[in-house]
Amino acid sequence: MSERFNEVIERRGTDSMKWDMTKQRFGGENLLPMWVADMDFRAPQEVLDALHEKVEHGIFGYPAHSETVDLAVQSWLTRRYNWRINTNSLIYTAGIVPSISYIIQAFTEPGDQVIIQTPVYYPFYDVVNKNNRELIRNPLAFDGDHYDMDLEHLESAITEKTKMIVLCHPHNPVGRVWKQNELEALAEVCKKHDLLVVSDEIHADLLFKGQKHIPFASVSDDASARTFTCLAPSKTFNLAGIQTSYVVVENEQFRTKLRSHLANSFANMTNSFAEIATEAAYNYGEEWLDELMVYVEDNFNFVQNYIKEHMPELRVMDSEGTYLLWLECSKLPLTPTERKKWLIEEAEVALNPGSIFGEEGKSFERINLACPRATLQEGLERIRKAYIKRGF
C-alpha cells in the first residue's frame, strides 16, 4: 500500500464539512466521520504545486478561460474512456449538482416528470423537487445480491409528461459500473420515448480492477445527441472544495441553449483555481489515481473480511467502483432510526444512513473508504465493540 495514503492528516479545525460539522449533523460527541464523500488524502503534489504557483503570483482577478484546459480534459477522456470529443462540447461549471439543476431548468418545464433510479445520491431528489418538476422513481432491481436497471418498470413509468432521466453512472451508493449492454438497452428506451439524459459520471475514474467506464453518450449517435454528461476532477482528486466540473454536450443546439441559460443565470464563470487544478490533475495525476484505487480496493477487501469475521450479521455488498461501501444491515434487530442512534451513541461513528438514498436503502449504511487504513480500522473496531455489547 502506498505510504502517501497511509498518512493520517489532521482535518479538525480546517473548516471541513466532514470533520468539523459532524457534531452539528449527527448530534454526537467524539464521532469518527465516515460519511460525506470526500477523501482524507492530499491531492496530487502536481496539483498543489500548480495552485501554489497561482498563490505566489498573488493576484486573483477575474479569470479568462484557457484552451490548454480543454486539451487536458479532451486528452483525459480519450486516455481513460477511449471517448473522443470535440473541445467545443465542453461547458465548465461550479459543480455537478448545480449543473443538473441548470439543465433541468433549461430543458424541462414546471410539472414535467424527471426520472431517477433509486436508491440513489440523495441530492437528485432535491434537484428535481426544488425545481418544481415531478419526481418519478425507477427503483433498481435487487435480488438480494446484485443490482440491475429495471427497464420494464422504467417503460411502465414513462408518460407524456416524462421528459428526462438522471442517470448515476457509476452508481452511488450501490457501486455498480454499468456495462455496455445495459447502457445500450437504456439508450433504446430513451430513444423510443424521446427522453433527455443527464448522466452524472463523477465517479467514472474510481473503478476497481478489471472494470471499465463507458460514457453513456458514447454508446450510439442517438445517445450522444440527447445526453448531457456531467464530469469533474473533484471526486477523483479530492478537489470538491475548489468547485470545478464540466458538462459534455455534443448536441450543438442543446449546447447553445445551456450556455445561454448559464449566462442568464450569471453562472458562466468559474473561480481562479478551478481550471488550474483541473489541468494539473488531468495532465499529471494519473499515477496518483492508479495508486489511489489500489489502496481503496484494498480498503474495501479489508472491510469485507473484517465484517465477515467479526460481525457476520452485517454484509458488505459487492462493488465495482467508487470509494463508497454499501453495508447491508437487515439482520440487525433495529429499525433504521434505532440503527442510526446505535451507531452514533454506542459505536460513535458517523455513517450515511441508507434511508437518505431512498426507501430502498433503509436496510443499509454507506461507509466512506477513502481514508487511511488506521482510520478505517478504528471505525470498524468502534462498530465491533458496540456490536458485541448489544449481543448481536
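A: Start with a facing pair: Asp 200 stands opposite Cys 230 in β9. The model is predicted: local features need pLDDT of at least 70, side-chain atom pairs count only at pLDDT 80 or more, and totals for chains, interfaces and linings use all residues. Residues are numbered from 1 along each chain as its sequence is written, and side-chain values use heavy atoms, with hydrogens and water left out.

Q: How do β8 and strand β9 pair?
A: Helices (H or I, at least four residues) and strands (E, at least two) are DSSP runs, numbered from the N terminus. Two strands pair if DSSP finds at least two bridges between them. Here β8 and β9 (residues 227-231) are parallel, over four bridges.

Q: Which strand pairs with β8 over five bridges?
A: That is β7 (residues 162-168), also in the parallel sense. Ile 165 faces Val 197 of β8.

Q: Why is strand β8 described as largely enclosed by the rest of the structure?
A: Buried means under 20% relative accessible area, exposed over 50%, partly exposed in between (1.4 Å probe, protein chains only). Five of the five residues of β8 (residues 196-200) are buried, so the strand is largely enclosed. Leu 196, Val 198 and Asp 200 cover one side, Val 197 and Ser 199 the other.
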